[in-house]
Amino acid sequence: DGPQRKKRKSEVAEVDKQLDILAIGTAVGSILLYSTVKGELQSKLDGGHDSRVNCVRWHQDNCCLYSCSEDKHIVEWNAQTCKVKCKWKGDNSSVTSLCISPDGKMLLSAGRTIKLWDLETKEVYKHFTGHATSVSSLMFTTVKPMNENKPFDGITGLYFLSGAIHDRLLSVWYIRSDRKEKNAVMSFTVTDEPTFIDLTVSEVKEEPVKLAVVCRDGQLHLFEHILNGYCKKPLTSNCTIQIATPGNDGDSTPNPVPILAAAFCTDKQSLLLVYGNTLQPIIEKVSLNTTESHICLIRDIQKVLSLKTDVALTKVKTPVVNSDTKVLVPGIPGHSTAVKTPSSGKEKKKNKRKPGETEESIEERLGALDIDVSKVKTPGGLPQTDSFAVLLVQGLESNDAEILNRVLNTRKENVIKNTVARMPIHAVIPLLHELTKRLQGNPYSASLMVRWLKSVFTLHASYLSTLPDLIPQLGMLYQLMESRVKTLQKLSRLHGRLFILVTQVAASETVQDVTEVNQTAKLVYEDESSEEEGSDDEMIADKDSDENWDEDEEKEEQSDEQDMTVEKEINGDSDLEPENESEEE
């Protein structure tokens, strides 16, 4: 989609350099500027679109570029600085096509509806409605209004053409100054959805507009009509062009050759046709003869292609293969098999079995491929995570309770997580229904199903959030969870009270089970002779006297008192016995 206008002599040299640039919109939202003269990528325009670019159009001043995208926005670019000049929302759905008015002050954009924008204010000037599907092509058919009496403001009185996908009618629209009917004034009918459209612009009132429309069925329809107001019936083509093979050389039926594109030459009388294979198209200039309503061009396209392929095949050399050569074919992906050199002493085994020999087992064949059999076999015959996912899907599709019990009664968290991660998306909702059914049953099975539910919701939350009917799908599960949660508060209170009771009963039992402590006194002091002084011998013999009792250190006294208080607490006595009390005094 390069610039549509020709170069003028008065333009400066810098502008001439811009005319060789091809703007290419990409699927990721960026726009590539490719220099056709240098044959290399010149620059890249980023940051304007978040989604696929649908259409790119150059403005008349060459430095300005307009693009529209699936993200519903139109972006005005500065091609020199590679930056966004302006960005605005073009439609409520994706914007599929753009066209700039001949004076460069207006812009046509199309999604489901066609809008005419004022490029200075970025406001909608007019709406045009009439296509049921998204518009695929937009182009102006006139550059001047047919009524030359009124002053021309650059847009009023012009006609433009639009085509939509899956639509066999091309609509022509008239831009009025008033706010009257905004429907199409005429339409052209074709045999299939239009894929490529080219036209000659009508510059004067009497000059008819010539239209070349290539359809998806490979036919080219030519229209010639003077745009002079409203036309009720759809206009049919003046001429239809098809291309076919001659049908000679044993095959008597001619095969149609699809036309890929067509464009008018500068003389407006001859056409450039592109036909054949998209990888190797043939371009041919054809002069028009519109007196006939149907033209079928005979082109031996297969002979042209076969000659080229024959030339290419002569360079290919056929290798001489020895009969003893062993051909190694690729094995199972993921296994790098070591190449074994055949030993000279052993004879090679032949593929054909002799009568009476038994066929090789699978294990022997795997061994011949150098694959470790222990990796293929699993201990105890239990299926691994891969087969768990396959089993789960099979069980859900066939509603086999035995398979489902085998898979869903797994207790290992990592096996559950890996199985849910590897199962296909379409099996998520059936699995949730099965888990809901099992949650309503035995509480023991419910405790197992909750683990599966947790894995499903954590791993497939993004998929579930995209489902429009998620709430009715999971309604039963919501009600089940709510009924379980409602009784949770009462159960927790009951659990707390029971816990207190159980701990008190256990504590009282432990107190009763305590062994009785010996309550005999550890110290007995008898006051025999208070006046006698204790000798050293008496102290050695551990016979305490009143003086020695008073002369003990305070620390020992405190420790004894602490011991006595501990004993009192153990024995449950609040005070000392009367005998001990009097003895201490």
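I count two strands as paired if DSSP finds at least two bridges between them. Strands (E, at least two residues) and helices (H or I, at least four residues) are DSSP runs, numbered from the N terminus. The model is predicted, and local features need pLDDT of at least 70, side-chain atom pairs count only at pLDDT 80 or more, and totals for chains, interfaces and linings use all residues. Residues are numbered from 1 along each chain as its sequence is written, and side-chain values use heavy atoms, with hydrogens and water left out.

**Sheet.** I found an open sheet of three strands, ordered β1-β2-β3, with antiparallel pairing. Its edge strands, β1 (21-25) and β3 (40-45), each pair on one side only. From one strand to the next, the twist averages 25 degrees, an angle between N-to-C directions (0 to 180 degrees) of lines fitted to C-alpha atoms. Strand β2 (residues 31-35) is joined to β3 by five bridges. I looked up S35 and found E40 in β3 as its bridge partner.

**Cysteines.** How many disulfides are there? With a disulfide taken as a pair of cysteine sulfur atoms within 2.5 Å, I get zero. I noted C82 as partly exposed because its relative accessibility is 21%, and buried means under 20%, exposed over 50%, partly exposed in between (1.4 Å probe, protein chains only). C231 is also partly exposed, at 22%.

**Helix α13.** L498 lies in helix α13 (residues 488-512). I list L498 as partly exposed because its relative accessibility is 46%.
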